[in-house]
Amino acid sequence: MLDLFPRSAQVARGELQLGGLTAAELAERFGTPLVVYCEETLRAQARALRAAVGDGGRVFYGTKAFPNVAVLRLLLEEGIGADVASAGELAFARAAGLSGPELVVHGNNKDEALLSDAAAERAPVVLDGAYEVELAADAGLERVLVRVTLGVDADTHEAIVTGHHGSKFGLPPAEAKTAVSDGLARGLHVLGLHVHVGSQLPDFTAQAETIRRLAAFAAECRNELGWEARVVDLGGGFGIRHHADEDVPDAVVLATSAVGTARAAFAAAALPEPVVWLEPGRSLVGRAGVTLYRVGAIKRLPERTWVAVDGGMSDNPRPQLYDARYTALSAARAEEDADDLVSVAGMHCESGDVLIDDVVLPTPRRGDLLAVPATGAYTLAMSSNYNGVPRPAAVLVRDGHARLIRRRETVDDLLALEP
Ligand code: LLP
């Protein structure tokens, strides 16, 4: 089970430690729910993914996984840029010190403000629709990519497949070709092509097929338009393990395969070797994050035992949205025999607010701490104030030190929004 946790996780004297601090002292100091990020895991994963793309390639963090200035800054120190998909995410990246070529701007409905911010930053923008060519030229953008959907259906939850025909993202090949030629005609520097197959991909099948089709499409562009894609941005999508039963290949291995496959496919089509960009989100920050919850009510019913925690779908809506399965460790009783099969419920007024359907724990007691691993991506990023619940805090831990990287909201913060 510890292999789902960050690299610095260990159990000492029966207690879970993260970054050299016990979960209990972190919970005591910062309150719960609390998302604890391990700096060592973030840096190690950043370095490994950077190495996978090699010297010529680039890695842009999919900021949507957890938009946070401290994390963006730390990743920048490791040579990682940011993929931003809104003016808000762009502002986070700027606040972290990223600029120009360290950014790539996305969105299936970018507004003029985002495009003009991108132009001011001189950041490359991924065009997602035919109409955007004109907007991009009017905004004074210099460098663009065109996002193409090549009709590959990835094997993941239907809410997070994106590369199929009929997707709300990108352009089918014929329209993408027109966007490239219109862009060139308007004087844009069309750097290359972008694809993103889907998220939490279970294996490499859909990406391999997409890359193969991408090379064929790039060859068509060269033959028909005399234009060569010098950059291929393969998006994100590598999965992580959230649960011991989940078998997901290592993202660094997949990133290496993606780069190799793209180079080989372009070479086979007699195209120049492309510069490969990747946009990992979950696989960069997911395993680094652990959420700590405090156990409150315990209800033993003939059908099942409910263990309720002080958070739930407001800080992690992934079980409801994607049928995501998580597991938990009783953080301060980590070496006690686990023989009680329970369900972990959230505290929200909704029967569907179940964080974990089945987990075996040492017989839970009110006040226990539960640590839920692999919650660094798309949890706080998608959190809400359902039931008027303030969003949790996040801390970064390393070598026995913890730093607050996002403060806990208060009810006063929420009331302050009401005039
Ligand atoms: N690039 C683009 C253009 C994207 O749309 C995404 C994710 C990424 C990169 C990063 O993908 P990743 O490496 O994290 O899979 N909320 C969902 C995931 C939505 C992903 C949206 N796009 C979830 O919790 O599973």
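This is a predicted model: local features need pLDDT of at least 70, side-chain atom pairs count only at pLDDT 80 or more; totals for chains, interfaces and linings use all residues.
Residues are numbered from 1 along each chain as its sequence is written. Local features need pLDDT of at least 70 and side-chain atom pairs pLDDT 80 or more, whereas totals for chains, interfaces and linings use all residues, and side-chain values rest on heavy atoms, without hydrogens and water.

User: Why is the pair of Tyr-37 and Phe-66 called stacked?
Analyst: Rings of Phe, Tyr and Trp (its six-membered ring) pair if their centres lie within 6.5 Å, and planes under 30 degrees apart count as stacked, over 60 as edge-to-face and the rest as tilted. The centres of Tyr-37 and Phe-66 are 4.6 Å apart and their planes stand at 5°, so this pair is stacked.

User: What makes the pair of Phe-60 and Trp-277 tilted?
Analyst: With 4.9 Å centre to centre and 55° between the planes, Phe-60 and Trp-277 form a tilted pair. A search of the whole structure finds 2 aromatic pairs.

User: Why does Phe-60 count as buried?
Analyst: Buried means under 20% relative accessible area, exposed over 50% and partly exposed in between (1.4 Å probe, protein chains only). Phe-60 has 0% relative accessibility and therefore counts as buried; Trp-277, at 6%, also counts as buried.

User: Why is Arg-50 called partly exposed?
Analyst: Arg-50 has 23% relative accessibility, so the residue counts as partly exposed.

User: How do you know which residues Arg-50 touches?
Analyst: Contact means heavy atoms within 4.5 Å. Not counting residues up to four places away in sequence, Arg-50 touches Gly-57, Val-59, Glu-78, Gly-79 and Ile-80.
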